[in-house]
Amino acid sequence: MDLGLRDTRALVTAASKGLGRACAAALAAEGACVFIVSRDEARLARTEREIGATGHLAVDLARPGGPEAAVEAAVRELGGLDILVCNAGGPPPGTFESTPLDAWEIGYQLTLMSAVRLARSALPHLKRSGRGRIVNITSISVRQPIPNILLSNAFRAAVTAMAKTLSGEVAPYGVTVNNLAPGTMLTDRVRDLYGDDLEAASRGIPAGRVGDPAELGATCAFLCSVQAGYITGQTIGLDGGALLGVH
Ligand code: NAD
């Protein structure tokens with residue numbers, strides 16, 4: 001299937017590795033011009049070469065001005081914007097009682113406000129595109145909170161509610177807004193957590209394995225496609241059946 005992504009202009013954030021990189025790689029493979037952003041200049045330059053992206057900028061998305069600079073650089077490089085894939089690192093882990101008040105501010109800026117700032121800056125360009133797409137990478141935790149990552153649970157739920165509200169407001173402009181909610185995908189983050197013990201990482205997942213980031217990348221590319229123009233305000237789970245609820 002031709003997804004109609006050739007020569008579309010995409011910004012993917014937190015894309016030097018992991019899930020962001022997988023989304024950027026899938027879009028680039030479909031012929032999109034992809035601008036990538038994360039904090040590490042050397043790793044970004046390497047990823048740009050490896051996936052055939054069109055440009056990059058090292059920026060901290062948790063700092064006010066960072067997301068805005070990312071959009072500005074992407075628009076300058078690409079001449080406009082059709083697709084925004086919002087991703088960032090996870091906020092500090094912890095339970096309610098072990099999470100100090102100032103960590104809430106970190107989670108707020110990194111997880112919620114980075115998505116808000118990116119969408120605000122990108123919207124004029126996406127509306128002009130006539131086929132704009134926003135895809136937020138969230139987590140299975142928006143439907144089933146995960147113990148010991150309180151801030152992620154709280155602020156990703158806020159991103160989901162924000163995205164749903166925004167999706168209705170921008171639908172008349174042909175802009176769709178959706179979320180990808182991964183369970184356990186095999187990235188460095190998960191490798192750091194489980195080492196080589198993929199059996200432990202796969203426990204409780206009906207599919208019997210962790211997810212491949214490329215599976216999430218392919219879903220992202222489809223949500224950005226022409227064919228997905230009527231899908232908006234949705235959260236798509238990628239969890240091998242781990243979520244046991246019906247929604
Ligand atoms: P990863 O550690 O492999 O990659 C994280 C990326 O984010 C890197 O490119 C890093 O440079 C970038 N980044 C982190 N903080 C940043 C900042 N402040 N500014 C700019 N860039 C920043 O992680 P991943 O596994 O790909 O996860 C991506 C996101 O998805 C995270 O928020 C994670 O919590 C969430 N998530 C991951 C999984 C999973 O199974 N991998 C599951 C659910 C949710």
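Start by selecting helix H4 (101-129): with four residues, H4 gives the most to the lining of the largest cavity. Helices (H or I, at least four residues) and strands (E, at least two) are DSSP runs, numbered from the N terminus. This is a predicted model, where local features need pLDDT of at least 70, side-chain atom pairs count only at pLDDT 80 or more, and totals for chains, interfaces and linings use all residues. Residues are numbered from 1 along each chain as its sequence is written, and side-chain values use heavy atoms, without hydrogens and water.

**The cavity**

On a 1 Å grid over the protein atoms alone, a cavity is a set of points where a 1.4 Å probe fits but cannot get out; lining residues have an atom within 4 Å of a point. Now pick Cys86, Ala88, Thr111, Ile137 and Arg156, which lie nearest the centre among 13 lining residues. The space inside is about 110 Å³, a volume filled by probe spheres set on the grid points, joined across faces, edges and corners.

**The ligand**

Move to the ligand. Of the 29 residues around it, Ser16, Leu19, Ala88, Met185 and Thr187 come nearest; a residue counts if one of its heavy atoms lies within 4 Å. Next, show helix H6 (188-194), whose three residues are the largest share of the shell.

Zoom in on Asp60: a polar side-chain atom lies 2.8 Å from a ligand nitrogen atom. At Met185, a polar backbone atom is 2.7 Å from a ligand oxygen atom. A polar contact is a pair of N or O atoms within 3.5 Å.

Methods: A polar contact is a pair of N or O atoms within 3.5 Å; within protein, one must be able to donate a hydrogen and the other to accept it, and residues adjacent in sequence count only if both atoms are side-chain atoms. On a 1 Å grid over the protein atoms alone, a cavity is a set of points where a 1.4 Å probe fits but cannot get out, and a pocket is an open set with protein on both sides within 12 Å along at least five of seven lines; lining residues have an atom within 4 Å of a point.
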